[in-house]
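I opened my notebook to work through one model, entry by entry. Here is what I looked up.

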Amino acid sequence: FGNTDLQLDQTYTTSEGYHVQFTDLKCYLTSVKNGVNTLCQAALFDFRSNGTQFFQKQGTPSTFSSFSCYLGVDAAYNHLDPSAFANDNPLNIAIANDMHWDWNPGYIFMKVEAKVDTLADGIDNFNHFVVFHVGSDALIQTLTFSNLTWSKVSDHVYQLPLKLDMQRFLQNGNQTIDLKSEHTSHSAAGEEALSLKLIQNFKSAISLY
């Protein structure tokens, strides 16, 4: 969150002066590839369950000096039967769990949940709940990273750190998310404008570390 390492359930202050505690942060990346070379079909970031590790795959660093991917689930997979994926695939329903809508059907691309105190009265009362569940083919975003330098951390293990800045998610230039008035989206009809802003801001909040 800005220059501070973010932890779930800890208190941060928004530009409006609200106190916010993030309680859940999840997102999918799919089709992580450089040209014809695929590093990862799908990866699920689950901060509460897995901490900062996004995914670990076999690959050669020189092959992936650049890569592009989708923030969200590629339309080629989004509406397939989630029980048909291999048991260790993040798109399998047992792993996806609450990141798949059974009523849609399809996957939630990004999930942000939080509790907010919107009153600057000196009393912490986190009784305002934020639920952002964003998905649908029309909302998928493309991320591209180039000129990458993979750091060797041990024999045959290389690391590429990315950063998700939740302060930037809330305020991306002039595109601000006001948690008091913009607090709920399930990507349903009538929520298109907010859902698009949410996933665009989430995309902008991801960068090389």
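**Threonine 14**

I began with a side-chain pair: threonine 14 and glutamate 16 are joined by a polar contact of 2.9 Å. A polar contact is a pair of N or O atoms within 3.5 Å; within protein, one must be able to donate a hydrogen and the other to accept it, and residues adjacent in sequence count only if both atoms are side-chain atoms. The model is a predicted one, where local features need pLDDT of at least 70 and side-chain atom pairs count only at pLDDT 80 or more, while totals for chains, interfaces and linings use all residues. Residues are numbered from 1 along each chain as its sequence is written, and side-chain values use heavy atoms, with hydrogens and water left out.

I placed threonine 14 in the loop between S1 and S2. Helices (H or I, at least four residues) and strands (E, at least two) are DSSP runs, numbered from the N terminus. Is threonine 14 buried or exposed? Threonine 14 has a relative accessible area of 8%, so it is buried. Buried means under 20% relative accessible area, exposed over 50%, and partly exposed in between (1.4 Å probe, protein chains only). Leaving aside neighbours within four places in sequence, I found threonine 14 in contact with Val20, Leu170 and Leu179. Contact means heavy atoms within 4.5 Å.

Next I followed leucine 179. Beyond its neighbours within four places in sequence, leucine 179 contacts Thr14, Tyr18, Val20, Val116, His128, Val130, Phe132 and Leu170.

I then looked up the largest nonpolar core, which has 56 residues. Such a core is a set of buried Ala, Val, Leu, Ile, Met, Phe, Trp, Tyr and Cys residues joined through side-chain atoms within 4.5 Å. Which residues have the most contacts inside this core? They are Phe22, Met110, Val112, Phe132, Phe169 and Leu179. Elements that each supply at least two residues include strand S3 (37-46), strand S7 (110-117), helix H4 (166-170) and H5. The largest share, seven residues, comes from S2.

**Leucine 8**

I found leucine 8 in the segment before strand S1 (11-13). Leucine 8 is buried, at 13% relative accessibility. Not counting residues up to four places away in sequence, leucine 8 touches Phe22, Thr23, Asp24, Leu25, Phe47 and Arg48. I checked phenylalanine 47 again: it is 39 residues from leucine 8 along the chain, yet their C-alpha atoms are separated by 8.2 Å.

**Aromatic pairs**

How many aromatic pairs does the structure hold? I noted nine. Rings of Phe, Tyr and Trp (its six-membered ring) pair if their centres lie within 6.5 Å; planes under 30 degrees apart count as stacked, over 60 as edge-to-face and the rest as tilted.

Tyrosine 28 and tyrosine 107 form an edge-to-face pair, with 5.7 Å centre to centre and 80 degrees between the planes. Tyrosine 28 lies in strand S2 and tyrosine 107 in strand S6 (residues 106-107), so this pair ties together parts that are 79 residues apart in sequence. Both tyrosine 28 and tyrosine 107 are buried.

Phenylalanine 45 and phenylalanine 47 make a stacked pair, because their ring centres are 6.0 Å apart and their planes are at 15 degrees. Phenylalanine 45 is buried at 11% relative accessible area, and phenylalanine 47 is buried at 15%. Ring pairs link Phe45, Phe47, Phe54 and Phe55 into a cluster.

**Cysteines**

I counted zero disulfides (pairs of cysteine sulfur atoms within 2.5 Å). Cysteine 27 is in none; its nearest cysteine sulfur, that of cysteine 69, is 9.2 Å away. Cysteine 27 is buried, with 2% relative accessible area. Cysteine 69 is buried, also at 2%.

**Positive phi**

Most residues other than glycine have a negative phi. Asparagine 97 has a positive phi of about 50 degrees. I placed it in the loop between helix H3 (93-96) and strand S5 (100-101). Asparagine 97 is exposed, with a relative accessible area of 54%. Serine 187 also has a positive phi, near 60 degrees. Its place is in the loop between strand S15 (184-185) and H5.

**Helix H5**

My last check was a length. The expected span of a helix is 1.5 Å times one less than its number of residues. H5 (residues 192-204) has 13 residues, so it should span 18 Å; its end C-alpha atoms are 18 Å apart, which agrees. Buried residues in H5 include Leu194, Leu198 and Phe202.
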